[in-house]
Amino acid sequence: QVQLVESGGGLVQAGGSLRLSCAASGSISFIYTMGWYRQAPEKQRELVATVTTRGSTNYADSVKGRFTVSRDNAKNTVYLQMNSLEPEDTAVYYCNADLLSRFTRRVYWGQGTQVTVSS
C-alpha cells in the first residue's frame, strides 16, 4: 500500500508565501518523477511543477520565477515553495509520484491540500 500525504496548505494574503510538502510511504522500490498539480473551482487539473530523481525540474509558465519544486530522495518527499502568491493561485494542490511498488510502475496521487490566496 502506497500513500502520498500532503501538508502545508492554508490561507495567505497576496504576495505571501507557503511551502507544501508531500511524503510518499509504503512499499516503494523507486520513485521516478514527483510533482505538483492544482485544480481551481470549475477548472481542469493543471500541471504546476515536476522534478525528476536527478533534480531536473519543469514548471508551468504561470508559476515560473515564483515557485520552486524540490525533493529529498532519502525521505521520499517532494516540496513546493510558493512565493509572491496571487489570488489566481487559489486551488486544491495535489502531489503525485510516478513510482515502482511491488514490481508495478504507476502514478499515485495525494488527497490534495487547499491553498487560498486573498487579495
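Buried means under 20% relative accessible area, exposed means over 50%, and partly exposed is anything in between, with a 1.4 Å probe and protein chains only. This is a predicted model, in which local features need pLDDT of at least 70, side-chain atom pairs count only at pLDDT 80 or more, and totals for chains, interfaces and linings use all residues. Residues are numbered from 1 along each chain as its sequence is written, and side-chain values use heavy atoms, with hydrogens and water left out.

**View 1. Glu42, an exposed residue in a loop.** Glu42 is exposed, with a relative accessible area of 87%. The residue lies in the loop between β4 and β5 (46-51). Strands here are DSSP runs (E, at least two residues), helices are runs of H or I with at least four residues, and both are numbered from the N terminus. For anyone checking backbone torsions, phi of Glu42 is near 65°, a positive value in a residue other than glycine.

**View 2. Asn76, another loop residue with positive phi.** Asn76 is not a glycine, yet its phi is positive, at about 55°. Look for Asn76 in the loop between β7 and β8. Its relative accessibility is 24%, so Asn76 counts as partly exposed.

**View 3. The whole chain, for orientation.** How many helices and strands does the protein chain have? The count is zero helices and eleven strands, and reading along the sequence gives β-β-β-β-β-β-β-β-β-β-β. The radius of gyration is 14 Å, close to the 14 Å that the globule rule gives for 119 residues, so the chain is as compact as a globular protein of that length. That radius is taken over C-alpha atoms, and the rule is 2.2 Å times the number of residues to the power 0.38. Along the principal axes, the C-alpha atoms fill a box of roughly 45 × 25 × 20 Å. Buried residues make up 41% of the 119 residues. Of the contacts (heavy atoms within 4.5 Å) with a separation of 6 or more, 54% are between residues 24 or more positions apart.

**View 4. Surface and charges of the chain.** The protein chain exposes about 6500 Å², and carbon and sulfur atoms supply 46% of that area. Accessible areas come from the Shrake-Rupley method with a 1.4 Å probe, and for residues only the protein chains shown count as cover. The chain has 12 positive and 9 negative charges, and their mean positions are 10 Å apart. Lys and Arg count as positive, Asp and Glu as negative, while His and the chain ends are not counted. Each charge is placed at NZ of Lys, CZ of Arg, CG of Asp or CD of Glu.

View 5. Side chains of opposite charge can pair when their charged atoms come close. The structure holds six salt bridges, each defined by a side-chain nitrogen of Lys or Arg within 4 Å of a carboxyl oxygen of Asp or Glu. Arg38 is buried at 6% relative accessible area, whereas Glu46 counts as partly exposed at 36%. Which side of the cut-off do Arg38 and Asp89 fall on, buried or exposed? Both are buried.

View 6. Arg105 and Asp98 meet through their side chains in a salt bridge (2.8 Å, N to O). Arg105 is partly exposed, with a relative accessible area of 48%, while Asp98 is buried at 17%. Elsewhere, salt bridges that share partners join Arg38, Glu46, Arg66, Glu86 and Asp89 into one network.

**View 7. Thr68 and what it touches.** Thr68 is found in strand β7 (residues 67-72) and is partly exposed, with a relative accessible area of 41%. Leaving aside residues up to four places away in sequence, Thr68 touches Tyr59, Tyr79, Leu80 and Gln81. Gly9 is 59 residues from Thr68 along the chain, and their C-alpha atoms are separated by 15 Å.

**View 8. Asp61, in a loop.** Asp61 sits in the loop between β6 (57-59) and β7, and at 65% relative accessibility it counts as exposed. The C-alpha atoms of Asp61 and Arg105 are separated by 29 Å, with the two residues 44 apart along the chain.
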